[in-house]
Amino acid sequence: MIYSRFLSPSPSFPLFVSLALSPFLSRSVCFFLSHSVSLSLSLVLFFSPAWLQGDPRKVIYPTDSYGQFCGQKGTPNAKKSTLFYFNILKCANPAVLINLQCPTTQMCVSKCPDKFSTYTDVQLQYQITAAPWDYYRQFCKPGFNNPTKPIAQVLRDEDCPSMIVPSRPFLQRCFPDFITQNGTLTVAKRTHFKDALDTARSVTELRDAANGITGLVDAKEVGMKIVEDYAASWNWILIGLVMALVVSLIFILLLRFTAGLLLWFTIIAVILVIAYGIWHCYLEFSLLRQQPGADVTIVDIGFQTDVMVYLQLSQTWLIFLIALGTIEASILIILIFLRRRVRVAIALLREGSKAVSYIMTTLFYPIITFLLLAVCSSYFAVTSVFLASSGDAIYKVMAAEPNCMYANKTCNPETFNKTNVSKACPGAQCTFAFYGGETPYHRYLFILQLSNLLIFLWLVNFTIALGQCTLAGAFASYYWARRKPQDIPPCPLFSSFSRAIRYHTGSLAFGALILAVVQMARIILEYLDSKLKGANNVAARFVLCCLKCCFWCLERFVKFMNRNAYIMIAIYGKGFCMSARDAFCLLMRNVVRVAVLDRVTDFLLFLGKVLIAGSVGVIAFFFFTHKMPIFQEEVPTLHYYWVPLLTVIFGSYLIAHGFFSVYAMCVDTLFLCFCEDLERNDGSSEKPFLMSAGLHSILRKTDHH
């Protein structure tokens with residue numbers, strides 16, 4: 001069997017692989033392509049109703065009361081890209097507006113109104129000049145041109161809005177143009193106005209009717225400033241990320257020769273940096289506590305776009321102080337009680353650095369994983385849009401009177417005038433409500449969305465599983481090579497990837513499906529929890545909380561078992577269930593050593609990621625805050641310096657995580673190979689150990705303590 005070479009290596013193996021590599025790889029590529037085509041056809045057939053009936057225009061374009069898209073080319077509304085609400089005071093909140101559920105007539109217009117006016121004013125002015133009416137009627141129903149019609153009938157039939165207020169487009173909808181002047185909310189510098197019935201209105205009513213609209217406008221302004229900051233600093237952000245890439249590579253290369261020294265330096269450096277952070281936070285907290293007005297809580301000031309506002313509060317520094325103190329204490333406790341295990345973890349990392357140095361291509365495999373995940377995410381997003389837009393236009397009766405018996409009933413706009421609804425409810429109209437349907441397909445649309453989500457989770461977990469199995473196979477070929485690096489097969493990463501695709505697709509898919517089902521259950525529980533937040537049923541909340549905790553633990557366990565099962569699959573080539581069983585039994589027989597690998601090693605790698613992201617972040621902080629005299633003239637002018645700073649820190653952490661995830665997989669693979677080596681060999685000349693002498697001596701010493 002082709003996997004036996006890992007357990008019984010021979011000097012002739014590289015020659016054998018060289019001879020067999022070409023036809024083997026060609027078969028693997030063909031098999032991979034055939035499986036990809038089959039999977040693609042299955043997904044297309046499963047979601048073919050959505051692709052056939054879906055219409056993304058329903059998501060892209062706003063829809064008026066007649067079910068017509070605003071701004072779509074080739075329609076009467078081609079030059080009318082913005083949705084206008086006749087009576088925005090009927091809209092309860094912005095969510096209602098965005099979901100097109102506001103109980104008022106909605107029309108597509110070419111531009112939003114830019115001045116105050118009422119239908120009554122236009123009627124009076126029409127006797128003198130037609131100019132005001134020509135402006136006003138562009139916000140009325142198409143074809144309506146009767147300014148002498150009584151105001152009561154106009155409002156009843158909703159031919160025209162009772163008033164228009166200065167607005168501006170946002171999310172392709174006309175929202176009142178709120179402006180704060182000297183702490184007072186105004187619209188076109190006015191705080192009060194009158195509607196068509198000569199009723200006094202205030203700007204506060206507009207704000208309350210569209211609750212939170214000012215927050216949306218502020219969010220838009222903040223978003224524009226953030227975009228400007230990215231445009232001004234993108235080149236420096238790129239330099240920071242390249243710096244993180246270089247530092248990560250240097251860190252990994254140094255581990256090859258100075259693993260112990262570098263890791264202890266990392267531990268001490270992190271401890272000292274956190275200690276400095278604790279001292280600085282305590283100093284700021286002590287100074288602010290003596291200043292008047294600094295004792296205001298974060299809840300009192302609410303959300304602020306200027307981060308410096310929060311740094312003027314003593315509570316902010318107290319939170320930082322407690323968080324850093326907790327982290328520092330946790331690190332010190334781990335080092336005190338697990339100092340011997342740290343030595344073992346360093347030995348494993350030193351051995352892992354050797355494997356990575358011999359198979360450097362593994363460091364760039366996360367790029368392939370990222371590209372595959374991007375494809376999966378794109379497929380999920382596009383399919384979700386088609387599913388969400390595959391319904392038909394549903395029209396509801398919009399009644400002018402609150403006690404209308406036909407209110408919110410489904411109606412047909414083509415036959416609505418022939419029914420007795422208008423007689424029973426004067427002023428009632430049949431207007432567009434939402435997209436849906438009554439067919440079996442539309443009734444199960446929610447199930448299809450859940451199925452799409454499940455398939456997305458399945459594909460994501462399969463992509464991750466493919467990466468783990470590929471890396472495990474490459475590093476296993478290193479461990480089981482008797483002479484390193486002479487007996488390491490050529491192109492170990494590509495060979496392992498080909499084997500995973502050719503032989504293990506089903507096993508990887510089965511393991512990914514198990515994890516996807518568990519994650520799906522967690523998502524459903526989170527959805528139920530959000531729905532029950534307002535309920536007073538304590539027992540239900542308690543049961544739900546317990547279920548969430550249990551499924552969180554189950555997901556962690558499944559991820560751990562899958563990871564080790566994939567390693568055993570890469571070594572032996574067995575099926576998923578048998579590999580999972582063998583991995584579990586092997587880990588249970590080495591449970592003490594597992595604690596070393598699963599916690600201490602991950603802890604050291606986490607400290608390395610924090611050190612890289614933190615060091616690059618500190619440099620970026622001094623640069624963007626003009627604290628580097630050498631680069632004073634090069635620093636771009638920014639609205640929020642934290643925008644590029646957080647981007648650099650987060651991006652640096654992701655880059656370091658990409659490199660160190662390969663390292664973690666390497667260590668896990670070498671650990672299982674080490675445990676298997678101990679059970680299959682005894683160190684004699686007939687059955688020699690394949691582990692390094694240093695790793696064997698350290699692990700043997702640790703077992704005696």
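This is a predicted model: local features need pLDDT of at least 70, side-chain atom pairs count only at pLDDT 80 or more; totals for chains, interfaces and linings use all residues.

Guide: Residues are numbered from 1 along each chain as its sequence is written, and side-chain values use heavy atoms, with hydrogens and water left out.

Visitor: What share of the residues score at least 70 in pLDDT?
Guide: The pLDDT is the predictor's confidence in each residue, from 0 to 100. The protein chain has an average of 76. The share of residues that score at least 70 is 74%.

Visitor: Which element of the protein chain has the lowest mean pLDDT, and which the highest?
Guide: Helices (H or I, at least four residues) and strands (E, at least two) are DSSP runs, numbered from the N terminus. Among these elements, the lowest mean, 42, belongs to helix α5 (residues 94–98), and the highest, 91, to helix α22 (residues 576–589).

Visitor: How many contacts does the model have for residues 92–100 beyond four places in sequence?
Guide: A contact means heavy atoms within 4.5 Å. Over residues 92–100 the pLDDT stays under 50. Beyond four places in sequence, the number of contacts that the model has for this stretch is 30.

Visitor: How many helices and strands are there, and what percentage of the residues count as buried?
Guide: The protein chain contains 25 helices and 13 strands. Buried means under 20% relative accessible area, exposed over 50%, and partly exposed in between (1.4 Å probe, protein chains only). Of the 705 residues of the protein chain, the buried part is 44%.

Visitor: How many disulfides does the structure hold?
Guide: A disulfide is a pair of cysteine sulfur atoms within 2.5 Å. One of them joins Cys70 to Cys108, another joins Cys112 to Cys174, and Cys140 is joined to Cys160. The structure holds three.

Visitor: Why does the pair of Cys70 and Cys108 tie together parts that are apart in sequence, and by how many residues?
Guide: The sulfur atoms are 1.9 Å apart, and the link is left-handed, with -75 degrees about the S-S bond. Cys70 counts as buried because its relative accessibility is 0%, and Cys108 counts as buried at 5%. Cys70 lies in the loop between α4 (57–60) and β1, whereas Cys108 lies in strand β2 (residues 106–109), so the parts tied together are separated in sequence by 38 residues.

Visitor: Where in the chain is Cys174, the partner of Cys112?
Guide: The S to S distance of this disulfide is 2.1 Å, and its link is left-handed, with -95 degrees about the S-S bond. Both Cys112 and Cys174 are buried. The pair links distant parts of the chain, 62 residues apart: Cys112 is in the loop between β2 and β3 (117–118), and Cys174 is in strand β6.

Visitor: Is the disulfide of Cys140 and Cys160 left-handed or right-handed?
Guide: Cys140 and Cys160 are both buried, and their sulfur atoms are 1.9 Å apart. The torsion about the S-S bond is about 115 degrees, so this disulfide is right-handed.

Visitor: What is the volume of the largest cavity?
Guide: On a 1 Å grid over the protein atoms alone, a cavity is a set of points where a 1.4 Å probe fits but cannot get out, and lining residues have an atom within 4 Å of a point. Grid points are joined across faces, edges and corners, and a volume is the space filled by probe spheres set on the points. The whole structure has four cavities of 30 Å³ or more. The largest has a volume of about 130 Å³.

Visitor: Which strand supplies the largest share of the lining of the largest cavity?
Guide: The lining has 14 residues, and Phe84, Tyr85, Phe86, Ile88 and Val165 lie nearest the centre of the cavity. At least two residues each come from β1 (82–85), β4 (163–164) and β6 (173–176). The largest share, three residues, is that of β6.

Visitor: With which residues is Asp529 in contact, leaving aside its neighbours within four places in sequence?
Guide: Asp529 is found in helix α20 (residues 505–531). With a relative accessible area of 11%, Asp529 is buried. Leaving aside those neighbours, the contacts of Asp529 are with Arg541, Leu544 and Lys548.

Technical notes. On a 1 Å grid over the protein atoms alone, a cavity is a set of points where a 1.4 Å probe fits but cannot get out, and a pocket is an open set with protein on both sides within 12 Å along at least five of seven lines; lining residues have an atom within 4 Å of a point.
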